[in-house]
Amino acid sequence: MRCLTHPLLRRLLCLSPQCVSGGLNQSKGPVLSPKWSPLRQSCSARPGLVTATDVVNYWQQVFEANGIPEARESSEYIVSFVLGAKTFQGLNSKILRTPLTAVQQEQIQQLSNKRLERMPVQYVLGEWDFQDLTLKMRPPVFIPRPETEDLISLVVEEESQKCKKNSGFCFPVPVPHPVILEIGCGSGAIALSLLCKLPQSRVIAVDKEKAAVDLTRENAHRLQLQDRIHILHHDVSYDSAKQLLLWGPVDCVVSNPPYVFHEDMASLDAEILCYEDLDALDGGGDGMRVIKSILALAPSLLKDSGSVFLEVDPRHPGMVENWLHAHPNLLLVLRAVHKDFCGKPRFLHIQNQSR
């Protein structure tokens, strides 16, 4: 499915701690207003007279009555998915005028019931677009956020700059074949996107959760990228670096690690708290528990002048820089801080200093 616009996906997932959980009244169940009963009856008793627009409007009202975030967009994505389109706007006029079948209405009802339980749309549909890739999604594996696309762009830009530097030599230089390590691969969104953007690259993708490893492997096979990626069930917080050096020292380590401050976890929306792997979000008291593990491991993994690219909380750049100053033996230096599409400091470029 096509990715939502950046603000829309953020609201759907309510990743920001400022989001307020609406939640369903579990004792009463979903609210269905009596004034919608004629349409509800028509959906079941007279399927030949119900169009896609009718059903979108109906489920929008049901979602709104039950406090479901982005009710209209949720309804549109579900209906368009059942009708075989990426978005509701992608449905042509003929399809919009064609009455839905009873089977289609039943499929829409089943998916909409999942959304009523606050299941994220990405899990409801079982797939989602990230960059140019359609990836399988299933709980509890972390759902990739749109800002992470910028993290991929930074890695691609860095590797492209290396190619340009090499092309300036008067003598032939071998085409670089960068080896990239992703820590915390989740659905494989970052690793597989990098393989597509950097055709000469190879990626080692690791995650401590078997569900994530299995989903990354499934997505790699669906995209026919399995020959260029090695996927490991590995916890960088406890395991050694040795088994990560399958192809020798790496050019780049990239990660969107857990970075939510623990005190902010309870404020996350119901979609996250009920369905996503909270370990993929909780960064501990200072949000840096996994970040520190990655940085401590990086010098034993990177080539000279190799880079670490991290997505972090906006409060982290100064904290990470101070931590690196307190650990000079790592020989890592913060090269750049990049902002996300909201103008917040979100991405760090850290480089290994040549010994």
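Select helix α10, residues 210–222. Helix α10 lies across β4 and β5 and runs at about 165 degrees to β5. Angles here run from 0 to 180 degrees between N-to-C directions, with axes as lines fitted to C-alpha atoms, for helices over the stretch in contact. Helices (H or I, at least four residues) and strands (E, at least two) are DSSP runs, numbered from the N terminus. This is a predicted model, in which local features need pLDDT of at least 70 and side-chain atom pairs count only at pLDDT 80 or more, while totals for chains, interfaces and linings use all residues. Residues are numbered from 1 along each chain as its sequence is written, and side-chain values use heavy atoms, with hydrogens and water left out.

Next, select helix α9, residues 189–197. Helix α9 lies across β3, β4 (202–207), β5 and β6, and its direction is at about 180 degrees to that of β4.

**The sheet**

Now display the strands under these helices as one set: β5-β4-β3-β6-β7-β9-β8 is the order of an open sheet of 7 strands with mixed pairing. Two strands pair if DSSP finds at least two bridges between them. At the edges are β5 (229–233) and β8 (332–339), each pairing on one side only. From one strand to the next, the twist averages 20 degrees.

Move to strand β3, residues 179–183. Strands β3 and β6 run parallel and are joined by 3 bridges. Pick Leu181 and look across to β6, where Val253 stands opposite.

Then go to β9, residues 345–352. How many of the residues of β9 are buried? Of its 8 residues, 7 are buried, leaving the strand mostly covered. Buried means under 20% relative accessible area, exposed over 50%, and partly exposed in between (1.4 Å probe, protein chains only).

Strand β9 pairs with β7 in the antiparallel sense over 5 bridges, and Gln351 in β9 has Ser307 opposite. With β8, the pairing of β9 is also antiparallel, over 7 bridges. On that side, select Ala336 and its bridge partner His349 in β9. Follow the β8 and β9 hairpin to its turn: 5 residues lie between the strands, and Gly343 takes a positive phi near 80 degrees.

**Salt bridges**

A salt bridge is a side-chain nitrogen of Lys or Arg within 4 Å of a carboxyl oxygen of Asp or Glu. The search of the whole structure finds 18 of these salt bridges.

Show the side chains of Arg118 and Glu271, which meet in a salt bridge at 2.9 Å, N to O. Arg118 lies in the loop between α6 (102–116) and α7 (121–125) and Glu271 in helix α11 (residues 270–275), so the pair ties together parts that are 153 residues apart in sequence. Both Arg118 and Glu271 are buried.

Arg315 and Asp264 come next, with a salt bridge at 3.0 Å, N to O. Arg315 is in the loop between β7 (302–311) and α13 (316–325), and Asp264 is in the loop between β6 (250–255) and α11, so this pair ties together parts 51 residues apart in sequence. Is Arg315 buried, exposed or partly exposed? Arg315 is partly exposed, with a relative accessible area of 40%, whereas Asp264, at 13%, counts as buried.

For the last pair, select Arg346 and Asp340, whose side chains meet in a salt bridge at 3.0 Å, N to O. Arg346 counts as buried at 7% relative accessibility, and Asp340 is also buried at 7%.

**The whole model**

Of the 355 residues, 52% are buried. The accessible surface (Shrake-Rupley method, 1.4 Å probe; for residues, only the protein chains shown count as cover) comes to about 16,000 Å², of which 53% belongs to carbon and sulfur atoms. Among contacts (heavy atoms within 4.5 Å) with a separation of 6 or more, 69% are between residues 24 or more positions apart.

Finally, colour by pLDDT, the predictor's confidence in each residue, from 0 to 100. The mean pLDDT of the protein is 87, and 82% of its residues reach 70 or more. Select residues 1–28: their pLDDT is below 50, and beyond near neighbours in sequence this stretch has 75 contacts in the model. Residues 33–38 also have pLDDT below 50, with 4 contacts beyond near neighbours in sequence. Where pLDDT is low, the predicted coordinates should not be read in detail.
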